[in-house]
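The following questions and answers examine a single protein chain. Please consult the sequence and the coordinates while reading.

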Amino acid sequence: MAVTLVQAQRVGYTFLKALLRFGFMVANNLVAIPSYVLYLIILQPLRVLDSKLFWYIEGVLFKWLLAMVASWGWWAGYTVVEWGDDVKAISEDEAVVLVNHQATGDVCTLMMCLQDKGMVVRQMMWLMDHIFKYTNFGIVSLIHGDFFIRQGKAHRDQQLVLLEEHLEKYYRSRSRKWIVLFPEGGFLRKRRETSQAFAKKNNLPFLQHVTLPRLGATQVILKSLLGQQQNGTPAGGDSMKAENKLKGLQWMIDITIAYPRAEPIDIQTWILGYRQPTITHVHYRIFPIKDVPAEPEALTHWLYQRFIEKEDLLSHFYKTGAFPPLQGQTAVSREMTLNNLWLVGIQSLAFLSGGMWYCILRYFYHCLF
């Protein structure tokens, strides 16, 4: 089949756009990440004098870096529509966040849709596969205090011990609020067949759009972070404000990410922008931590129920293009927005910082040599 001139022009334009976006992303990383590291090196005396202020500043810089990643997708037309509970109401509370996992773009989507949820982004701790430690963003996550978990039966017990130690060392001392994990333990396409075989063997529901979650990390997190406190219900109003004053883990947030036609966005697409503008749909459901059982067997059942519900949510979405309403509510979608001027300001600050550090380091180099 012959390629028309219009088709050739369209392919050429897409290739050129992807090339320019890739060049911008590389330049962005070359100035933003070293600047983040250098700012924190300079601020090390403050870490000794006022640790809380140091980690506050680090959190602001961390949020800006995540906003830069979000901007790559935002400017490519990869936007988000939100459904379900309003998580802004509990953005100042401590919470565990459970997310289904389909592709590398899931993390980018979260970086985007949580940008407008107050200061929670700067106070988040991420649990991610250890391979991300060796990416360009690995040094940032290491400094921020995220946890890299190694998958596989051979490492499972050791990793859970390391996770518990990591939480004790970093979570409270750095004033973390939300901890994000993907309980499925891998991408849907890689785990689906194994999960379905396990479900068949153990007389569990057949799941197509998610996999059965693993218990270990969730159990360690609950064991480590649960404190004695009273819990309310995520209904808003005065009761919600009162809950904000309490300390300790208070909520479990169940996030379901859905892509049109079940075609997830990967990190390459997010960076290069060769896919047509796409709306990703994100559904939130909030549970008081008092409703989450601590005993392993009961917790396993509770987690399985959450992912069975995710299966129903996604099945409904793929049939209708919308998530069904929560019980007692009307299904309402909210278009998530980012401020382009703010994004341009952050990007400009990154390049200005890069130029400043280049001049400073060059000056000291000439002074020494």
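Q: Which residue in β7 does Val80 stand opposite?
A: The model is a predicted one. Strand β1, residues 78-84, runs parallel to strand β7, residues 278-288, and seven bridges join the two. Within β7, the residue opposite Val80 is Thr280.

Q: In what order do the eight strands form the open sheet?
A: The pairing in this sheet is mixed. From one strand to the next, the twist averages 25 degrees. The order of the strands is β4-β3-β5-β2-β6-β7-β1-β8.

Q: Why is one side of β4 and of β8 left without a neighbour in the sheet?
A: Strand β4 covers residues 147-149 and strand β8 covers residues 334-336. Both stand at the edges of the sheet, so each has a single partner strand.

Q: What angle does the direction of helix α4 make with that of β1?
A: Helix α4, residues 105-113, packs on the sheet. The strands it touches include β1, β2, β3 and β5. Its direction and that of β1 make an angle of about 75 degrees.

Q: Which strands does helix α6 touch?
A: Helix α6 spans residues 153-171 and packs on the sheet. Its direction makes about 175 degrees with that of β4. The strands touched by α6 are β2, β3, β4 and β5.

Q: Does His130 count as buried or exposed?
A: His130 lies in the loop between β3 and α5. Its side chain makes a polar contact of 3.3 Å with the side chain of Asp129, and His130 also touches Phe148, Ile149 and Arg150. The relative accessibility of His130 is 19%, and the cut-off for burial is under 20%. His130 therefore counts as buried.

Q: Over which residues does pLDDT stay under 50?
A: The protein averages a pLDDT of 89, and 92% of the residues score at least 70. Where pLDDT is low, the predicted coordinates should not be read in detail. The stretch with pLDDT under 50 is residues 228-246.

Technical notes:
Residues are numbered from 1 along each chain as its sequence is written. This is a predicted model: local features need pLDDT of at least 70, side-chain atom pairs count only at pLDDT 80 or more; totals for chains, interfaces and linings use all residues. Side-chain values use heavy atoms; hydrogens and water are left out. pLDDT is the predictor's confidence in each residue, from 0 to 100. Contact means heavy atoms within 4.5 Å. Two strands pair if DSSP finds at least two bridges between them. Helices (H or I, at least four residues) and strands (E, at least two) are DSSP runs, numbered from the N terminus. Axes are lines fitted to C-alpha atoms, for helices over the stretch in contact, and angles run from 0 to 180 degrees between N-to-C directions. Buried means under 20% relative accessible area, exposed over 50%, partly exposed in between (1.4 Å probe, protein chains only). A polar contact is a pair of N or O atoms within 3.5 Å; within protein, one must be able to donate a hydrogen and the other to accept it, and residues adjacent in sequence count only if both atoms are side-chain atoms. Lists of a residue's contacts leave out its neighbours within four places in sequence.
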